[in-house]
Amino acid sequence: MRAREAIADAAARIVAHQGVRDFSLARRKAGARLGIDDERLLPTNEEIEAALRARQNLFAAATQQDALRVRREAAAAAMEFLAGFQPRLAGTVLEGSADGHTPVCLHLFSDDMFALMERLVGAGIPFDQRARRVRFAGGREAHVPLFSFEADDVAFELMLFDRDGLREAPLDTVHARPQRRAARAEVLALLGGLPQRP
């Protein structure tokens, strides 16, 4: 196995077993473990993602598909609960590489952050609130309110964009292109294509 492939595989193992979602961190850790620090030998995010999917297919196909279904079902339920905020599913739960460590990432849209807080508090959902830095095409950056909580053993991350945020998705951290987003109807359609849980 070439050095680049070995680092991609080691980084994929770190992502799969340690729940690390930052590919840059996983790449650096993997390179350090293998004693390789030459930037030219380090794999791209796409190569790490491909190694992660190959690892999931080889070693954890059944458990990964079950974890994905659980998260998509949880996403669909949360999207119904948060319908007033025009929710969209984003990230690895949408893309299909989510596992048992992966939070459900929903993009919500409102100019009133307190309305979301009231919705969560009114339902008795304890949450942590902070901001996440996101990048957009053209180099623009923004700090977006992020609400995180856990429900039925599934972690959630709600990112609250203003209403105009529906027009432009932030860049994903793997491919540096606008994130794909899905409305609830598409999530339900995706669930129809997954194997049923016993």
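The model is predicted. Its largest nonpolar core holds 26 residues, and a second, separate core holds 17.

**Nonpolar cores**
- Within the largest core, the residues with the most contacts are Leu89, Val104, Leu106, Leu108, Leu116 and Leu158.
- At least two residues of this core come from each of α4 (61-81), α5 (92-95), β2 (104-109), α6, β4 (141-151), β5 (154-161) and α7 (184-192).
- Helix α4 gives the largest share, 6 residues.
- Beyond its neighbours within four places in sequence, Leu158 contacts Leu82, Leu106, Leu108, Leu116, Leu120, Pro145, Leu146, Phe147 and Phe149.
- The second core includes Ala16, Ala30, Ala51 and Val174.

**Aromatic pairs**
- The count of aromatic pairs is 3.
- One of them joins Phe127 and Phe147 edge-to-face, with 5.5 Å centre to centre and 65° between the planes.
- Phe127 sits in the loop between α6 and β3 (128-135), and Phe147 lies in strand β4, 20 residues apart.
- Phe127 counts as partly exposed because its relative accessibility is 22%, whereas Phe147 counts as buried because its value is 0%.

**Arginines over rings**
- Arg140 lies over the face of Phe136, 4.0 Å from the ring centre.
- Arg181 lies over the face of Phe161, at 5.2 Å from the ring centre.

**Ends of helix α6**
- Asp112 caps the N-terminal end of α6 (residues 113-122), with a side-chain oxygen 3.1 Å from the backbone nitrogen of Phe114.
- Just after α6, Gly124 adopts a positive phi of about 70°.

Key: Residues are numbered from 1 along each chain as its sequence is written. This is a predicted model: local features need pLDDT of at least 70, side-chain atom pairs count only at pLDDT 80 or more; totals for chains, interfaces and linings use all residues. Side-chain values use heavy atoms; hydrogens and water are left out. A polar contact is a pair of N or O atoms within 3.5 Å; within protein, one must be able to donate a hydrogen and the other to accept it, and residues adjacent in sequence count only if both atoms are side-chain atoms. Helices (H or I, at least four residues) and strands (E, at least two) are DSSP runs, numbered from the N terminus. A nonpolar core is a set of buried Ala, Val, Leu, Ile, Met, Phe, Trp, Tyr and Cys residues joined through side-chain atoms within 4.5 Å. Buried means under 20% relative accessible area, exposed over 50%, partly exposed in between (1.4 Å probe, protein chains only). Contact means heavy atoms within 4.5 Å. Rings of Phe, Tyr and Trp (its six-membered ring) pair if their centres lie within 6.5 Å; planes under 30 degrees apart count as stacked, over 60 as edge-to-face and the rest as tilted. A charge sits over a ring if NZ of Lys or CZ of Arg is within 6 Å of the ring centre and within 35 degrees of the ring normal.
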